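Biologist: I would like to learn how to read a structure like this one. Could we go through it feature by feature?

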Amino acid sequence: MNAKTEMMDRQPEINTQRHVYQVDALSANNNIPAEATRRPAAKKPHKKKRTCADYVKKTIPSIDWLFLNYRWSKDFAEDTMAGIAVAVLNIPQGMAYSILGNVEPTVGLYMAVFPVLVYSLLGTSRHISLGVLSVLCLMTGKVVTTYATDGAEDDPTLGYSAIQVATAVTMVAGLVQLVMYVFRLGLLCTVLSETLVSGFTASVAVIVLTSQLKELLGVDVARRHGMMQVPNTFYDFADRFHTINWATTAVSITTVTILLVYNKYLKERINSRLCMPLPIELIVTVFATVLFQVTTIAQDYNMVQMGEIKAGLPAFEVPPVKLFSAVFVDACVIALVAYSITMSLALLVSEKLKYPLDTNQELLAQGLGNVVGSFFSCLPSGASPSRSASQQTVGGKTQMASIVSAAIIVVVLLWIGVVFEPLPRCVLSSIIVVALKGLLMQVLNFPEIWRKSKTDGTVWIVTYLTVIILDIDSGLLIGVVVSLLFVFVKGVLNEVHVLGRLPNTDLYVRLDLYGDAVEIPDVKIVRYAGSLNVINRYMFKRKLIEVTRDDDATVTVTVVDGKNPTGGRRPAQCVVVDMAALQYADAAGAKMLSESIESLVSDGFNVYLAAVPDSSLEFIRGSNGVKAVRFFPTVHDAVVYHQCSSKKIQDSMYDTQPSKTPNGL
């Protein structure tokens, strides 16, 4: 058994023989023509010319899946169940997140209808649920607070109402997304990396939690905005803690406890026995509404209730155009954040279920959804992780689930919404806080992020802290700048390592990583990794000189005569530069390479360049300083060539090899 295991673990040995090649000889032997006479690259297969109908189907994907190929007998029942599940989540979440946007609670329900219907017809994701999103509502709420005027709803001459400011933001955000669609900027969302988005959403969750303390505890404080919002809010609460409403606090604690206990201990057990998830948030909302409808607890203890809720659908109203310039910057940030978060969720689901997405088509769907929604009192919309997960896990197959959900919300708006008027606002704030648990707990992932990558860890913590300490917009901007700065720095950094040869192989590896590797007699092998450009050219020259002239460029040699091994050090006569990891080289970088080679040649070194990428080979060879340098396809070819042409043959483990040499020796 041990012998069998030993044979299985033993690596197979392959010995091949071939000539030692230089790049020119390799090209000549394989009939590679000169660059001027090369055949053009093969053309892509001719695509069938698209008709007008093809473009219409691509622009309106629902024509294909809904009107032509929808399987009513198989999918409609599951889509209906998923739509019901999403609708019962939309009711409490829509009213709750409207509080973050400083608008009426019914606005969140409007957002579950108009943008959703537009996206279901134009979107390419089958499972995401558009509508209210805490991050977007909070960002919009900040703009509303800045530009809205109290009393403007009753007297338009006073200024702009909260809903007018909110719809102006929604319109501009939608137009920005449509412009991105026209210019095919769907990949722009990659500016916000997953690490940056994680730190951003975790910090925004802290701001949302802080903003809800007033509703949760009933403390009489003004809502803070702008820089130092979180620290100032905690200071205000400490200063005004004596105004706490204990009845409101008790209801909040009870609601939060019920939701947390259910989610942790009962959710999986109960949902596994049901055909759809139990809508615990809606059940709590309905129960609290009935309780405070039949009792006078809210009035007796001065608890803040929802108040008047308008029945029916919103009227068509054009957002105030004069506000567009004032909210433009904020709306651009909101548009980018909304698209990035929504696309991240859509890509996650599509990769899991193996169907394609069109990133630019998503811009059209989301942008037009926001534009249409702005005419019907909607805030900027985004995909909700909880609702999207519910739509997918219940069994939803297509966006028909969203259409069913929107239809149910219309019924709620027309006839049922007014029954929630007695509901205390602290119940909705409790729902928000519990929904934020996952985002708040992301801070616990920071040690793991830092351990895996110091760069990602720095981006995460900088974004997290700057958003909390400064402001949402400023923190996000700083996070993006830091992230792009790291990308830029990594793009100009380069590495130079000395290589050695693994005994009895033609493998050349880093000496600092492989203890068995040894340097070749008379040869200094250097690997260069990175780009070679105007920014890092002097760094390249300095590092190359350091490794080639370290200790007078001597190499350790172990000479074996078959009986007695002896050690010694001798000056290196040859420098082989392995450039397989070269990313690209510009004119300034190629010039510095030429100067470095000239300097080494003047010091008595033979310089060989090995494994230069094809994309940079002709460019580098055109430099004056490298015309006399020999180019080799591999490091091994360069080493063997030097050994064969060397006048002093060393009696060592690296015996002189003929021009036809085994690769494995």
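Biologist: In which strand is V526 found?

Modeller: This is a predicted model, and in it V526 is found in strand 6.

Biologist: Is V526 buried or exposed?

Modeller: A residue counts as buried when its relative accessible area is under 20%. V526 has 1% relative accessibility, so V526 is buried.

Biologist: Which residues does V526 touch, apart from those up to four places away in sequence?

Modeller: V526 touches V496, H497, L544, V547, T548, V576, V577 and D578. G500 is 26 residues from V526 along the chain, and the C-alpha atoms of the two are separated by 9.1 Å.

Biologist: How do strands pair in a sheet?

Modeller: Backbone hydrogen bonds pair the strands of a sheet, in either a parallel or an antiparallel way. Here, strand 6 (residues 523–532) runs parallel to strand 9 (residues 574–585), and eight bridges join them. One case is V523, whose bridge partner in strand 9 is C574.

Biologist: What is the order of the strands in the open sheet?

Modeller: The six strands have the order 5-4-6-9-10-11, and the pairing is mixed. At the edges stand strand 5 (508–510) and strand 11 (630–632). Each has a single partner strand, so one side of each has no neighbour in the sheet. On average, neighbouring strands of this sheet are turned by 35° against each other, direction ignored.

Biologist: Which strands do helix 26 and helix 27 lie across?

Modeller: Helix 26 (residues 587–602) lies across strand 6, strand 9 and strand 10 (606–610), and runs at about 145° to strand 10. Helix 27 (residues 614–621) lies across strand 9, strand 10 and strand 11, at about 120° to strand 9.

Biologist: Now for pairs of helices. At what angle do helix 5 and helix 14 pack?

Modeller: Helix 5 (residues 72–100) and helix 14 (residues 280–294) pack at about 60°, and their axes are 8 Å apart. The two helices are therefore oblique to each other. Their crossing is left-handed. Helix 5 makes the contact with V88, L89, I91, P92 and M95, and helix 14 with E281, L282 and T285. By type, the residues of this contact are six nonpolar, one polar and one charged.

Biologist: Why do residues three or four places apart in an α-helix point the same way?

Modeller: An α-helix has 3.6 residues a turn, so residues at that spacing point the same way.

Biologist: How do the axes of helix 16 and helix 18 cross?

Modeller: The axes of helix 16 (residues 324–353) and helix 18 (residues 385–393) cross at roughly 20° and come within 11 Å. Angles under 35 degrees count as roughly parallel, so helix 16 is roughly parallel to helix 18. This crossing is right-handed. In the contact are L345, V349, K352 and L353 of helix 16, with P385, S388 and Q392 of helix 18. These residues divide into four nonpolar, two polar and one charged.

Biologist: How many residues of helix 7 are buried?

Modeller: Seven of the nine residues of helix 7 are buried, and the helix is mostly covered. Among the buried residues are F114, Y119 and S120. The elements that cover them include helix 3 (52–59), helix 4 (62–68) and helix 19 (400–416). S120 has 1% relative accessibility. Leaving aside neighbours within four places in sequence, S120 is in contact with S62, W65, Q399, S402 and I403.

Key
Residues numbered from 1 in each chain as written. Predicted model: local features only at pLDDT ≥ 70, side-chain atom pairs only at ≥ 80, totals over all residues. Heavy atoms only, no water. Axes fitted to C-alpha atoms, helices over the stretch in contact; angles between N-to-C directions. Helix = DSSP H or I, 4+ residues; strand = E, 2+ residues; numbered from the N terminus. Parallel < 35°, antiparallel > 145°, perpendicular 65-115°, else oblique. Left-handed = near helix turned anticlockwise from the far one by under 90°. Contact = heavy atoms within 4.5 Å. Nonpolar A, V, L, I, M, F, W, Y, C, P; charged D, E, K, R; others polar. Pairing = 2+ DSSP bridges. Buried < 20%, exposed > 50% of the residue type's maximum accessible area, 1.4 Å probe, protein only.
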